[in-house]
Amino acid sequence: MCIPFDEASQYLWYDIAMKTHIEKEYKILVTKEQFDQLITNYPEIDFITQTNYYYDNKNYEIMKQKGAMRIRESAGTNLFTLKEIKGDDLIEYEQMVDTVDASVFEDKQIQKVLNKYHLEGPFELVATLTTKRAMYVGDGYELCFDISTYGDVTDYEIEYEYTQAHDGLTNFNEILAKVGLTYTSNAPAKIVRALSNKGLDFLIQNLTLEVKKA
């Protein structure tokens with residue numbers, strides 16, 4: 001789910017009950033050849049680049065608590081996000097920041113939130129993931145074409161997200177059939193792929209958050 005940022009407020013605080021929000025999407029990893037072939041059907045879409053910088057302390061307390069902390073750099077802006085699961089709730093805090101480095105965590109508002117959840121630094125860069133995304137808006141859905149690079153890996157992903165109720169699975173499979181594919185299950189989240197590439201597989205089982213989108 002994408003939550004819009006209100007720049008006039010300087011920072012936003014969200015407290016979202018997870019049991020009342022259902023994000024329905026299908027996502028599948030494909031080859032570069034399949035990706036390139038599929039995207040020729042949508043000549044009007046353009047790619048936008050964003051980079052996620054994931055941070056944690058040396059004990060990985062945030063990720064061990066099923067959370068994630070990142071700074072997202074996109075189109076000349078930097079957005080800090082902290083996501084934590086507390087009971088049945090997803091707590092999400094977002095704030096625009098001036099830079100992409102650990103000095104962000106010295107900001108008074110960010111420190112206030114970190115202290116509230118007893119998260120202590122120093123915080124270090126854990127993983128970086130850059131995604132080039134193009135989106136096609138269809139009737140009741142959004143179709144995203146993602147090229148993600150993390151470490152020495154580049155992968156290609158097609159994501160189908162509902163915006164209205166409909167038979168999305170049939171529709172998605174009709175799209176994939178053009179390159180001989182059938183959807184069977186969701187690909188691992190981008191942060192999971194990035195952590196696995198860094199050899200941090202022991203953290204993956206804790207992550208229930210989709211950090212995004214990515």
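Predicted model: local features only at pLDDT ≥ 70, side-chain atom pairs only at ≥ 80, totals over all residues.

Trainee: Where does Thr81 lie, and which residues is Thr81 in contact with?

Mentor: Thr81 lies in strand S5, residues 77-86. Leaving aside neighbours within four places in sequence, Thr81 is in contact with Ala68, Met69, Arg70, Glu92, Tyr93 and Glu94. With Glu94 there is a polar contact, side chain to side chain, at 3.5 Å. Gln95 is 14 residues from Thr81 along the chain, and their C-alpha atoms are separated by 6.8 Å.

Trainee: Now the rings, please. How many aromatic pairs are there?

Mentor: The count comes to 19 aromatic pairs. Take Tyr136 and Tyr141: their ring centres are 6.4 Å apart, and the cut-off for a pair is within 6.5 Å.

Trainee: What makes the pair of Tyr136 and Tyr141 tilted?

Mentor: Stacked needs planes under 30 degrees apart and edge-to-face needs over 60. The planes of Tyr136 and Tyr141 are at 50°, so the pair is tilted.

Trainee: Are Tyr136 and Tyr141 buried or partly exposed?

Mentor: Tyr141 has a relative accessible area of 9%, so Tyr141 is buried. Tyr136 has 24% relative accessibility and therefore counts as partly exposed. Tyr136 and Tyr141 belong to one aromatic cluster, whose members include Tyr26, Phe35 and Phe145.

Conventions. Residues numbered from 1 in each chain as written. Heavy atoms only, no water. Phe/Tyr/Trp six-rings, centres within 6.5 Å; stacked < 30°, edge-to-face > 60°. Buried < 20%, exposed > 50% of the residue type's maximum accessible area, 1.4 Å probe, protein only. Helix = DSSP H or I, 4+ residues; strand = E, 2+ residues; numbered from the N terminus. Contact = heavy atoms within 4.5 Å. Polar contact = N/O pair within 3.5 Å; in protein donor to acceptor, adjacent residues only side chain to side chain.
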